[in-house]
Amino acid sequence: MHTFTRLCPNCNREFPLIEAVILHLNSQSTCWPHKARSQQSAVPPGLRGPPSNTTGHCHPRSGYVFGISKNLYDRLQDDQYNYRQEINTYYPFHDEGEWELASFLIQNLNQTQIDKFLKLKWFSTRPKPSFTSKDQLLDWMDALPCLAEWKVSKLEFTGYKTVHPIQLIWRDALEVVKQLFSDPVFTNNITFQPHVVHVGNQREYGDYMSADLAWKIQDCLPLGATQVPIILGSNKTPVTRTTGGLEMHPIFITIGNLDSEVRSKATLRAWRCIAYMPVAKFRVHPDYQTILQARLWHKCVDLVCANLKQAAKTGCFMPDPSRFIRYVYTPLVAHICDLPEACMIAAISQTIDVWDLDKFQKAAKAVHLSGVHMPYWRDWIYACPSVFLAGEILHTCINFFADHPLTWIKEVVGKSELDARYMNQHKWVGTRHFTKGITHVNQMTGREHRDIQRTIVASIAGVAPPNFIRAIRALVDFIYLAQNPIHSAETLSSMMQSLSDFHTFKHAVIEAQARRGKKGVKEDFFIPKLELLQSFRGTVERLGTLMQFSADMMERLLITHCKDLFVQTNRRVNNFVEQSVRILNRQESIELFNLYALFRSHHASLVNVICTEDEAVTTVNPALSWVSRVLPDESHSVHGPRPVRNHFLKGILSGDALTAFHLTSTPDFKSLLPTDIHTIYSLIDFDHALSQVIQAYPPDSGFPLGNCDNVLVDVTGDDGQIISRIAQVRLIFQPTLPRASDLVLPSYLSHPLLYIQYYDFVASPNDQPELAMWTVEHSYVEDQHGKHRCGGVVPLTSVTHTVELIPEYGQKVDEKISSAICLENKDSYHTLSTEFA
């Protein structure tokens, strides 16, 4: 019989229960004085909104602090060479300059190129760096502190031989989690307590810690425990196709305490690789190959996550970024992967219809489900595959739309006609223009998929049956609403209503014979991903918004941790993974040491402070934010996502302060007279419009009538009320006075102005329920110049947002229309927004 005790993290005194440790720390004779306790922590993302209507509360039994220890950067001072770094911060390198040179060489050149660089005659007349060869440089880099070491384990399956020995390259997942949890870079982006957020009378679901499961698990944990939710991600990817067909199967990990905005950026290193699964080939009959590979995968994950599972069951003490010790539990809450891998993880077969009980029962008995008898999650407390295998956006929504609804559209509209409709659309700023159509593209980015989804309904109007369009629109609406970064009961109801609308009109897909398989027309909707959409509402309520679990991040990590590494190795398949691990070790060590040495060389604190102030320049890079506050002159040394300027703090704002403007483009003409504008831009009523007080290029050979975007503007109607109108921006200009003039421009001319040409609304969303869009046409006026488009001049600040218009093509695209003139030669257009009422 084993008896477990708990040690006080401060004085190491033994206690039988964690509750006894808490009583000891809270007693008058505590070993930890009250004045040393945490007084402030970062505000959870959901509670950072306007205080007027945002309310919430945290779980009262969570997030207690039990002492003070060392954060990630403090632990670097335990390195064996710390005594030398107290004299020279950049040891073993001579100084900061030599360190920058060394890290540049390692990150940008291969070993042969480094050797050639160090042998250049250029060094014969100049001082050489301290390292004289690439081997010495690599040794020095490998000597930098690395807190979660990689290791290699050889595995065997008794009774089964493999073509090559099975080697698992891995590191302890718990040590990697400790590294993430104690990293001071994330001080302002980490949450320790489950919380409930209300905006008005609506419950909001954002990151995991604001969802139901976080609260329910916390109820089961001891008093004062801190929940560190584990999120895994995995996928198999081919690294080469011509050099032996090399495949890699990495596993990544992050923690749900970190803001989803930080977890969604690969360059911020909130995700860490913890293992490269062996892709083994067994010497068995092909029928058993998949079963044995699946068992091997689960056995490897078992080994890698063994300590994490133990911590989820009994807890462990762990320092946070501010050095405060917390008693941590590590439940598994999500595993991000594609559908085939999800089936392998859940240990079920995806080839049998679970509702065909006769076939499913026979298949299950024959193979004991998928053949995996010990899935890795079997003893991970609180883990259930029906919960942690959440439907995610990339595979369940984006890829589903490309594989099914888009295929149905191609059948109904025709590939050539669909291509023509996309080729002839206006080249709108910020949207991919498909100059060759969309039917021939095999691989697209997520953004290109979204561009197609946003325009597909208006593009097929007039050629597809109305109910077919309604079914497609319902799916588009569902996918759009599913990507909401914050959900409420209202948005969840709207999302599920869209799915219900699809099922109401999906018969039109069958009637159009659009759903086809290898054997011809199909009359069913047995599509696993379509069925997964039914679970989205429950997933959001349990785990939070779906965007935090999108596999976009996995796709990017496969590139940085597998495919990009291949070109940095000797390209020999037999030791490629080992080389990759060494390269990843160096990359992590360089980034960690670079920031650590920067702060230490300037005698700055290794603890990041909580920052709650609004900044003129905001950034999703926590490291850059930290350095910018403490050492602003050293901001150039931190690389990552570009900072985003907050134009609402200082900039040109619309009348309702909901839109900010920033003009960055160099004007096409620095100075023009009104008569010149009349001629160059073909604006015959410009003088008259000016007296009434986005992309807007003048006509050229490629765009004979100019290339001008559309916007929504607030203008004064005939009754004196402010109304919204859609208009095309033809000219952006700023009135000026001669330098010698003593005159002063009136205030309404001191900001940039727009010359616009209006559209009139001719149909509302209710008039065409299959589209649920507004329809507009050019607005004309007749005067001494004859009949021409109605124009006017408005301040830039009257614009509320941009609007994309899709021409009303009818049954077939007019051959005379092109993307250069589609906004000029067509009279009617569908708008992609319904916010004009």
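These legends describe close-up views of a predicted model. In this predicted model, local features need pLDDT of at least 70, side-chain atom pairs count only at pLDDT 80 or more, and totals for chains, interfaces and linings use all residues. Residues are numbered from 1 along each chain as its sequence is written, and side-chain values use heavy atoms, with hydrogens and water left out.

**View A. Helix α16 packs against helix α18.** Helices are DSSP runs of H or I with at least four residues, strands are runs of E with at least two, and both are numbered from the N terminus. α16 spans residues 405-413 and α18 spans residues 446-460. Their axes lie 12 Å apart, at an angle of about 25°. That makes the two helices roughly parallel (angles under 35 degrees). Axes are lines fitted to C-alpha atoms over the stretch in contact, and angles run from 0 to 180 degrees between N-to-C directions. L406, I409 and V413 of α16 meet I452, I456 and I460 of α18 (heavy atoms within 4.5 Å). By class, this contact has six nonpolar, no polar and no charged residues. Nonpolar covers Ala, Val, Leu, Ile, Met, Phe, Trp, Tyr, Cys and Pro; charged covers Asp, Glu, Lys and Arg; the others, Gly among them, are polar.

**View B. Helix α4 packs against helix α25.** α25 covers residues 576-601, and α4 covers 96-108. The axes come within 11 Å and cross at roughly 160°. The pair is therefore roughly antiparallel (over 145 degrees). W99, S103, I106 and Q107 in α4 meet I590, F593 and N594 in α25. Here the classes are four nonpolar, three polar and no charged residues.

**View C. A cis peptide bond joins Y91 and P92.** Omega is about 15°. P92 sits in the loop between α3 (82-85) and α4.

**View D. R323 has a positive phi.** The value is about 80°, although R323 is not a glycine. R323 lies in the loop between β13 (316-319) and β14 (325-329).

**View E. The largest cavity holds about 90 Å³ of space.** A cavity is a set of points, on a 1 Å grid over the protein atoms alone, where a 1.4 Å probe fits but cannot get out. Lining residues have an atom within 4 Å of a point. The lining includes Y422, W428, H433, D451 and E804. By class, the lining has three nonpolar, five polar and three charged residues.

Key:
Angles under 35 degrees count as roughly parallel, over 145 as roughly antiparallel, 65 to 115 as roughly perpendicular and the rest as oblique. On a 1 Å grid over the protein atoms alone, a cavity is a set of points where a 1.4 Å probe fits but cannot get out, and a pocket is an open set with protein on both sides within 12 Å along at least five of seven lines; lining residues have an atom within 4 Å of a point. Grid points are joined across faces, edges and corners, and a volume is the space filled by probe spheres set on the points.
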